Amino acid sequence: MAVMNFGGVDENVMTRDEFPLKKAKEVLKDEVIAIIGYGVQGPGQGLNLRDNGFNVIVGQRKDSKTWDKAIADGWVPGETLFEIEEACQRATIIQYLLSDAAQIAVWPRIKPYLTAGKALYFSHGFGITYKERTGIVPPADVDVILVAPKGSGTSLRRMFLQGRGLNSSYAIFQDATGKAKDRVIALGIGVGSGYLFETNFKKEVYSDLTGERGTLMGAIQGLLLAQYEVLRENGHTPSEAFNETVEELTQSLMPLFAENGMDWMYANCSTTAQRGALDWMGPFHDATKPVFAKLYSEVACGNEAQRSIDTNSKPDYREKLEEELKALRESEMWRAGAVVRKLRPENN
Ligand SMILES: NC(=O)C1=CN([C@@H]2O[C@H](COP(=O)(O)OP(=O)(O)OC[C@H]3O[C@@H](n4cnc5c(N)ncnc54)[C@H](O)[C@@H]3O)[C@@H](O)[C@H]2O)C=CC1
Ligand SMILES: CC(=O)[C@](C)(O)C(=O)O
Ligand SMILES: [Mg+2]
Ligand SMILES: [Mg+2]
């Protein structure tokens, strides 16, 4: 465990140098890891673990699209691919990677297989933190651990294949065996994390729900759309509005601040742009901070969790989500975006 100073604050982190893959394999050599659920995180983590040489099986509903997807990814029914119950029975580590709503419904079928000494692994603090709402209360004699990759399972897999790594947080809720720490770090390295930073289940879910509703997904769309609309209302073409709002951000400027920080991106823009950005960042900060504060309090009181449980437990939740995504896709801004993407020379 290295103590690193992040902007003046010391934190514990675990890097691949300190906990190499070889050590992770040694720690987990006698374990059978079952990936339960094969949606987005399931394939990312499962395939990375498999390629890294761990003993992995998948548990998934038969006769589902994702069962077929698992077969296409090389999991073999009866050998490495099983119904959920059978995978849980064979496993010593159960990676519970169903959607958060499905975790509630399926919990009674998982629980009997959580016998003494096994580990229950989550990639989200949701089920445990909101236990009054989810009913997920593990037995006392199992380890309860978390590795939460900070990004989509799709990116986790892509970055692994590129020899990169997505950062993850890790947490221990219950250490029944005395081995929880080694188990969780070894799994974190095994799924392809870049480095691992320490958290707890509650902090993980509060920050995660805030982030995805905020800057990562909700706020970014709201912010981009607001600027796009103002440009359009003032007579700018869709090409101009989209390029000045989205394309320049993702293709030109975001990679610069990803690489070297915001000041460096600014420094690579005109002094005119720098003057304006430095003057306007304050008003944008002040306008949005109350919305972020409201969002955090809605997360912390459990309202956001409840809303997601209620809607995503409905039988037709997938269709309903898809309808809303379709509306987004068919909005003028993103229809314009589809054409702009097609015009990228590398896509011709
Ligand atoms: N999507 C992502 O990349 C990320 C997800 N997470 C967390 O990882 C966990 C898994 O999330 P996702 O991969 O997004 O899940 P998902 O929404 O893709 O669903 C995973 C699996 O659950 C199965 N499933 C759904 N309802 C079911 C039911 N009633 N009975 C049996 N199986 C059912 C689906 O068939 C699918 O295989 C969640 O806790 C999530 O918060 C964490 C980081 C990122
Ligand atoms: C990809 C991720 O980390 C999210 C946005 O929190 C999620 O999919 O839940
Ligand atoms: Mg997340
Ligand atoms: Mg999330």
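**Ligands and strands**

Modeller: Helix α5, residues 100-110, supplies the largest share of the shell around ligand 1, namely four residues. Please keep in mind that this is a predicted model.

Biologist: How many residues surround ligand 1, and which are the closest?
Modeller: The shell consists of 22 residues, and the closest are Y38, Q41, D100, H124 and G153.

Biologist: How do the residues of that shell divide into nonpolar, polar and charged?
Modeller: Seven are nonpolar, twelve are polar and three are charged.

Biologist: What lies 2.8 Å from an oxygen atom of ligand 1?
Modeller: That is a backbone N or O atom of Q41. A polar backbone atom of Y38 is 2.9 Å from an oxygen atom of ligand 1, and for a backbone N or O atom of G39 the distance to a ligand 1 oxygen is 3.3 Å.

Biologist: What percentage of the ligand 1 area does the protein cover?
Modeller: On its own, ligand 1 has 830 Å² of accessible area, and the protein covers 82% of it.

Biologist: Now to the other ligand. Which residues are around ligand 2?
Modeller: They are G151, S152, D208, E212 and M217. By class, this shell has one nonpolar, two polar and two charged residues.

Biologist: Which polar side-chain atom lies 2.6 Å from an oxygen atom of ligand 2?
Modeller: It belongs to E212. D208 also places a polar side-chain atom by an oxygen atom of ligand 2, at 3.0 Å.

Biologist: And how much of ligand 2 does the protein bury?
Modeller: The protein buries 62% of the 260 Å² that ligand 2 exposes when taken alone.

Biologist: Let us change topic to the strands. In which sense do β3 and β6 pair?
Modeller: Strand β3, residues 33-36, pairs with β6 in the parallel sense over four bridges. Within this pairing, Y96 of β6 is the bridge partner of I36.

Biologist: What about β6 and β7?
Modeller: That pairing is also parallel, with three bridges, and β7 spans residues 119-122. Here I94 has L120 in β7 as its bridge partner. Between the two strands the chain passes through α5, and this β-α-β crossover is right-handed.

Biologist: Which way do the side chains of β6 point, and are they buried or exposed?
Modeller: In β6, residues 93-96, I93 and Q95 point one way, whereas I94 and Y96 point the other way, and all are buried.

Note on methods:
Residues numbered from 1 in each chain as written. Chains lettered and ligands numbered in written order. Predicted model: local features only at pLDDT ≥ 70, side-chain atom pairs only at ≥ 80, totals over all residues. Heavy atoms only, no water. Near = heavy atom within 4 Å. Polar contact = N/O pair within 3.5 Å; in protein donor to acceptor, adjacent residues only side chain to side chain. Areas by Shrake-Rupley, 256 points an atom, 1.4 Å probe, with all protein chains shown as cover. Nonpolar A, V, L, I, M, F, W, Y, C, P; charged D, E, K, R; others polar. Buried < 20%, exposed > 50% of the residue type's maximum accessible area, 1.4 Å probe, protein only. Pairing = 2+ DSSP bridges. Right-handed = clockwise from strand over helix to strand, strands pointing away.
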